[in-house]
4 protein chains.
Amino acid sequence: MEELQTILDDIVTAARAEPDKGQVASYIPQLANIDPDQFGIAVCLAGGELVCAGDADTLFSIQSISKVFTTTIALGKLGDTLWQRVGREPSGDPFNSIIQLEHENGKPRNPFINAGAIAVVDAIMQGRQPKETLAEILAFIRWIANDEAIYIDDKVARSEVLTGDRNAALAHFMASCGRLSNNVDKVLGVYFHHCSVAMSCVQLARAAQFLVSDGVDLSTGARVLSTQRARRINSLMMMCGHYDGSGEFAYRVGLPGKSGVGGGIIAVVPDVASIAVWSPGLDKIGNSRLGTRALETLTRRTGWSVFGR
Amino acid sequence: MEELQTILDDIVTAARAEPDKGQVASYIPQLANIDPDQFGIAVCLAGGELVCAGDADTLFSIQSISKVFTTTIALGKLGDTLWQRVGREPSGDPFNSIIQLEHENGKPRNPFINAGAIAVVDAIMQGRQPKETLAEILAFIRWIANDEAIYIDDKVARSEVLTGDRNAALAHFMASCGRLSNNVDKVLGVYFHHCSVAMSCVQLARAAQFLVSDGVDLSTGARVLSTQRARRINSLMMMCGHYDGSGEFAYRVGLPGKSGVGGGIIAVVPDVASIAVWSPGLDKIGNSRLGTRALETLTRRTGWSVFGR
Amino acid sequence: MEELQTILDDIVTAARAEPDKGQVASYIPQLANIDPDQFGIAVCLAGGELVCAGDADTLFSIQSISKVFTTTIALGKLGDTLWQRVGREPSGDPFNSIIQLEHENGKPRNPFINAGAIAVVDAIMQGRQPKETLAEILAFIRWIANDEAIYIDDKVARSEVLTGDRNAALAHFMASCGRLSNNVDKVLGVYFHHCSVAMSCVQLARAAQFLVSDGVDLSTGARVLSTQRARRINSLMMMCGHYDGSGEFAYRVGLPGKSGVGGGIIAVVPDVASIAVWSPGLDKIGNSRLGTRALETLTRRTGWSVFGR
Amino acid sequence: MEELQTILDDIVTAARAEPDKGQVASYIPQLANIDPDQFGIAVCLAGGELVCAGDADTLFSIQSISKVFTTTIALGKLGDTLWQRVGREPSGDPFNSIIQLEHENGKPRNPFINAGAIAVVDAIMQGRQPKETLAEILAFIRWIANDEAIYIDDKVARSEVLTGDRNAALAHFMASCGRLSNNVDKVLGVYFHHCSVAMSCVQLARAAQFLVSDGVDLSTGARVLSTQRARRINSLMMMCGHYDGSGEFAYRVGLPGKSGVGGGIIAVVPDVASIAVWSPGLDKIGNSRLGTRALETLTRRTGWSVFGR
């Protein structure tokens, strides 16, 4: 393997030179105003060593990457009864599609489409108030990232609420099928806020460490999740982590990963490394255009893949 | 790791004792009349060592497992232009669904649903007659399985033709969208025959060896496919190998795999082993019920998974 | 033609004797607790003469029949620009389906499915408050029914709000597509209240008089709508008045009509009569089971049909 | 009412002057090569008097208008058991959609979409050969049109067979659901040929006479169908006669009607007249653009409508 730092530096150089960076998410002002020329990447090796390049310490809105964290919390709390509330199949539909819900009586296909993530949030609320639930989610993220400074960007969250009609439609639809245990507006409040966590590539790569080592955070020695469940989070990311672009990501990158419309992606090389990359411009499906390409380059040059030795 | 032979023996014992073996595929007499109590499993380790148990040498109809072989041939012949003819995303729909075709202008979502496999067969025909195309497919399978005795079961193939209206609908639909290059009836002829290859677990496990070692068949040293393409076949099996049960298989088994309605499943542990299991009874989605369970047990006891170390 | 009174009496007798009256709408308590044995019918002849039988003066919740009145108001106010907001094709889907909305970018297929009626309410609000809009709708109904006593049943309306998640999903979905001009919650408030108007068969038959005579209420001489628009309301009722049972209603009854889940149906025999019938038990699609049968008997015995002389 | 001849002459003049005549059907050469400037219209009054203008005697391919005749034959032969084979609801989908078939287990929504017409043809074959069945259909059309010269255009029929993959897909799909009683290829043969009947506006208007007078052909006194069934054919034309443009046609024209991709439309004014119009250019849905507009003008100037007096 080449020197990892060289590869990351090359990736940053190539990304900076690329004229077509994709389209920044436009539906809320806080995302639309992001400078599309920013680019960061961080790799956290299994032993804890961190290699990074570009704007790896710049904070951005993690958006749907948060779904990995809430699903981890939910699987820890509810175990396999979680799957009574949400499925674990790729949906074949866009992230915000409501069609599948009507066809399948309000049960979301998987926890990483919006409807599924709303159902997961509902599952972990367990009758508590939004504030308490958010505190738990934030505490969990801080713990696995080993960084108490991580916070929810209220300005983004408020924008999400104001422009959240599509997600409100999904939540009310599920409620109409008797799928939600908590008040719809409260569930939506938690959902919008937990998407608005601000993190850097470095923080995200660290936060994903437990997925590298079968549930144990090797830097701290803490067991975050059982071996089996950690692997299952990886399988969910592989199958559903990029919406209707999950097959494309598996084909091109060959790693479990999860994207957010803020332009971030986390990916996991089991036993080897966790990766976080960030470039705000998105492809048509809503995944970071240059982030995906960076991961493709990184895996080609390192040989990392779950599909080969 | 425990002794592999012990694990396989235990799996056979458990399978034989299981009262609910699922439903044998009923749509053609040759599959419907199979004795559901048969069960075989074979593991071919990376070094070439073979461990098996139960009816591992009994021939059965490989059905959709053949799609892995034709997709391998097509990727070798056409390279990435194959993806102009067929997508590589999970479909979220049953194996024989026609809805997705209408929504996406006749382009099948992936090569492992029926429509996609028909498109792949059409792609490798390249104007030749069915007989020549079938000869090429059979020669390829014999080569990678290192067994010249492998044959197409004509009785099964004739039955498939007689009861193949659903597949004929898929093929004519694609033709109506200008998606097929060859005569519809000829393409269907090849399709039905190549599903009717008869193989044993031992033969299938050997045939999948090249997917364990990045495209090289370690027993013979022959390179079947480039490293990148071999990994991509694995990624396709992971994402789409079990139709709308692919997420379930990834979650429970954690390996790339491909099932057939004959009750067979192949699975790949990169760098470690290829596996073939066979139990004719199917679950509701059309995947082998006890075959899936056997793979779940095998991976739990061996620790094999692409999602953890 | 037989004596109309005899026919109506026979219909009431037959309805009372029928053991299977269908299922009363169960989703809100105020509808679920209705006595299913009630049955009323009223025919208002073109000259103004009223013939009725059974519980023709009992008030019931008109529910979706109100959509005829709001569509009339909207067509009067907006003219054909209304059709930029809502289509005029049968949907082929249930009354509360959201699938069509996603396929067609949030534009409801017609004004008589729930999504369409919400869009119509939004169209007539024109920035006003719910109270003012409801006052206008109620004034219109009172005017065409020539009865100032007609009112909105607040108890029903409040129940609708509490159980209205499915309609909230439809409204938020349309809002997410930029289809609503007013605040979602206010639009829903008007929607739920205008479905909760309480009327009797006699009042409804009178209210539908203007549809018999090309837009003129012959009893009062008032022109409610232009000739062309009155005919078009009839065409909309014919094509879309019974959701995905509209074809069935046209086939069996042969008249433009509109049903509500309260068990009421209005129907129009152009130049001859308006009809209102009420029986709370519904068929699987949500149309009054005995109400439909009553109209079938009535048209068979009178020869009334728009499809023959 | 104005002089009918004047109205028709005006309509022809306006049609000839219209620059945008729509797009001629392109999928088979015999239709694609038609001169788009042709335009004919014929009105057959209830008393038998014929008024026509333009190319009213020019033969064209009636295409889907033939579905009215086969449905009439089928209803006469099978009565209401026909509806076990095909529904009678508007589909909300294009004429050749296969999605509805998969959602509803292979039962076509109505007899006027392609799948439904194939099912109707299958229903009237009753084990006979295509030649016999076609002879029966042709004899029926000649009888109701009172014209023995009507024939099937073999050149068109052969073209339809060659380009009929979409219809073959529909037929095979239905066969795979056990919905067809006869051999798929034979059913398709009859289907393609009966679409290829060549008729003029004059012949079509005469052929539709029995729908004006409750099933009796007033010119000959022959009863073609019972009163009730004749009205039901009209109701089917109203609800489903223009595919997913049926609501539009009802709204704009206000009469039961049936279009064909050859550019013809028949329409019925119960008790008053049958109408046939022909202009080869189609709108996006596949209905004659100027034919529809002609009927709109005709009904506006005559006041004809089933929705008003």
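Chain A can be superposed on chain B with an RMSD of 0.0 Å by a turn of 180° and a shift of 0.0 Å along the axis, where copies are superposed by least squares on the C-alpha atoms of residues with pLDDT of at least 70 in both. The two copies are thus related as by a two-fold rotation axis. The structure is a predicted model, in which local features need pLDDT of at least 70 and side-chain atom pairs count only at pLDDT 80 or more, while totals for chains, interfaces and linings use all residues. Residues are numbered from 1 along each chain as its sequence is written, and chains are lettered from A and ligands numbered from 1 in the order in which they are written.

Of the interface residues of chain A, 100% are also interface residues in chain B, so the copies meet through the same surface. Two residues are in contact if their C-beta atoms, placed from the backbone, lie within 7 Å. Chain B and chain C do not touch, and their nearest C-alpha atoms are 10 Å apart. Chain A and chain D are likewise not joined by any contact, with their closest C-alpha atoms 10 Å apart.

Between chain C and chain A, 13 residues of chain C are in contact with 13 residues of chain A. On the side of chain C that touches chain A, helix 4 (99-103) and helix 8 (165-176) of chain C each supply at least two residues. Helix 8 of chain C gives the most to this side, with 8 residues. Helices (H or I, at least four residues) and strands (E, at least two) are DSSP runs, numbered from the N terminus.

Within chain A, the buried residues of helix 7 (residues 154-162) are A:Val156, A:Ala157, A:Ser159 and A:Glu160. Seen down the axis of helix 7 of chain A, these buried residues fall within an arc of 160°, so they line one face of the helix; the arc is that of the directions from the helix axis to the C-beta atoms. On the other side of this helix, A:Asp154 and A:Leu162 are exposed. A residue is buried if 20 or more other C-beta atoms lie within 10 Å of its own, exposed if 12 or fewer, and partly exposed in between, with C-beta atoms placed from the backbone. The buried residues of helix 7 of chain A pack against helix 2 (29-32), strand 4 (60-61), strand 5 (151-152) and helix 9 (184-194) of chain A.

Strand 2 (residues 40-45) and strand 3 of chain A run antiparallel and are joined by 5 bridges; two strands pair if DSSP finds at least two bridges between them. A:Ile41 stands opposite A:Ala53 in strand 3 of chain A.
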